[in-house]
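Thanks for making the time. I will go through some charged pairs and then the sheet they relate to. Please have the viewer open.

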Amino acid sequence: MQATDDKPQGMLYLCATPIGNLDDITLRVLHALEDADIIYCEDTRNSLKLLRHFEITKPLASFHDHSPASRITRILDDVRAGKQVCVISDAGMPVISDPGFDLVNAMREAGLPYTVLPGASASLTALVLSGIAADRFLFEGFLPRKKKDLDARLDALAHETATAILYESPHRLTDTLAALAARWPDRELACVREISKRFEEVVRASCADVLAHFQTNAPRGEFVLILAGASASILSEEDAFAAALTHARALVADGTSTNAAAKDAAARFNLPKRRIYQALLEND
């Protein structure tokens with residue numbers, strides 16, 4: 001729902017916060033925090049540091065992945081009561097690998113006003129810093145921990161030609177890099193850390209070489225991994241067809257016509273349109 005120039009009686013603001021350098025906060029977010037009647041945050045201790053830095057004193061309440069459902073009800077009630085409500089995460093944009101998805105849908109269902117105040121994003125900043133193709137990309141977030149689930153996710157990425165954005169913590173980084181290197185030792189990968197901070201760093205090489213780097217250099221800080229997509233030219237014909245069909249089905253699911261989806265997939269994977277089109281029809 002778009003914001004208007006007239007300040008509504010009650011409003012929920014989903015506010016992006018800095019991912020490192022506090023100067024990256026936007027003026028709109030600062031004004032919203034200053035005008036807020038209450039601020040819901042992922043971790044009140046982390047948010048207090050941010051608010052104290054900008055000399056903002058407001059009532060705080062926690063809102064995170066493990067909050068009870070009643071917390072969403074409370075937020076909706078605050079907006080209904082005419083309050084200016086801000087929701088912030090520890091860093092970056094709420095909802096993206098952070099709580100907020102259920103809240104947004106609850107607001108929509110209740111017909112209550114809300115808007116997003118854009119700002120810092122670790123995923124997009126890392127993508128641009130990496131220099132890896134950004135014309136098509138997908139956000140994977142944190143990979144599964146269980147081997148069966150991890151293998152299934154990597155199987156899906158094996159044929160994906162779009163760049164993938166992953167998140168990882170320092171104590172899990174080498175395990176994740178080992179899993180990527182075992183699958184695609186020569187695929188290009190960038191590890192980005194300490195975004196917008198003094199020791200911001202991008203390590204870009206093959207998956208195998210990035211793994212070797214962090215096996216001798218202890219990982220520190222939170223990481224964003226930018227994994228180059230599979231090259232359509234090196235896929236087997238069978239794999240290329242499977243990837244093309246998956247792509248075409250996704251387009252159809254999004255409302256694209258069968259003919260247009262087949263044409264797009266055929267051009268992307270250099271395959272006959274008729275074969276993909278026929279496979280889509282057989283699936284109907």
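Start with Asp43, which forms a salt bridge with Arg45; the closest N and O atoms are 3.0 Å apart. Keep in mind that this is a predicted model. The two partners sit in opposite surroundings. Asp43 has a relative accessible area of 18%, so it counts as buried, the limit being under 20%. Arg45, at 61%, is exposed.

As a reminder, side chains of opposite charge can pair when their charged atoms come close.

How many salt bridges does a search of the whole structure find? The number is 12. I will show a few of them.

Next is Arg153 with Glu140, where the closest N and O atoms are 2.9 Å apart. Arg153 belongs to helix H6, residues 147–158, and Glu140 to strand S6, so this pair ties together parts that are 13 residues apart in sequence. Arg153 is partly exposed, with a relative accessible area of 28%.

Then there is Glu188 with Arg204, at 2.7 Å between the closest N and O atoms. Here the pair joins two strands: Glu188 is in S8 and Arg204 in S9, so parts 16 residues apart in sequence are tied together. Glu188 has a relative accessible area of 31%, which makes it partly exposed. Arg204 is also partly exposed, at 39%.

Besides these pairs, a network of salt bridges links Lys147, Asp151, Asp155 and Arg183.

Now the sheet. In what order do its five strands run? The order is S6-S7-S10-S8-S9; the sheet is open, and the pairing is mixed. Strands S6, residues 137–142, and S9, residues 201–206, are at the edges with a single partner strand each, so one side of each has no neighbour in the sheet. From one strand to the next, the twist averages 20°.

Look at S7 and S10 in particular. S7 covers residues 163–168 and S10 covers residues 223–227; they run antiparallel and are joined by five bridges. Within S7 and S10, Ala164 stands opposite Leu227.

Two helices remain. Helix H5, residues 122–130, lies across S6, S7, S8, S9 and S10, and runs at about 55° to S10. Helix H7, residues 173–183, packs on the sheet as well, touching S7, S8 and S10. The direction of H7 makes about 5° with that of S10.

Notes: Residues are numbered from 1 along each chain as its sequence is written. This is a predicted model: local features need pLDDT of at least 70, side-chain atom pairs count only at pLDDT 80 or more; totals for chains, interfaces and linings use all residues. Side-chain values use heavy atoms; hydrogens and water are left out. Two strands pair if DSSP finds at least two bridges between them. Helices (H or I, at least four residues) and strands (E, at least two) are DSSP runs, numbered from the N terminus. Axes are lines fitted to C-alpha atoms, for helices over the stretch in contact, and angles run from 0 to 180 degrees between N-to-C directions. Contact means heavy atoms within 4.5 Å. A salt bridge is a side-chain nitrogen of Lys or Arg within 4 Å of a carboxyl oxygen of Asp or Glu. Buried means under 20% relative accessible area, exposed over 50%, partly exposed in between (1.4 Å probe, protein chains only).
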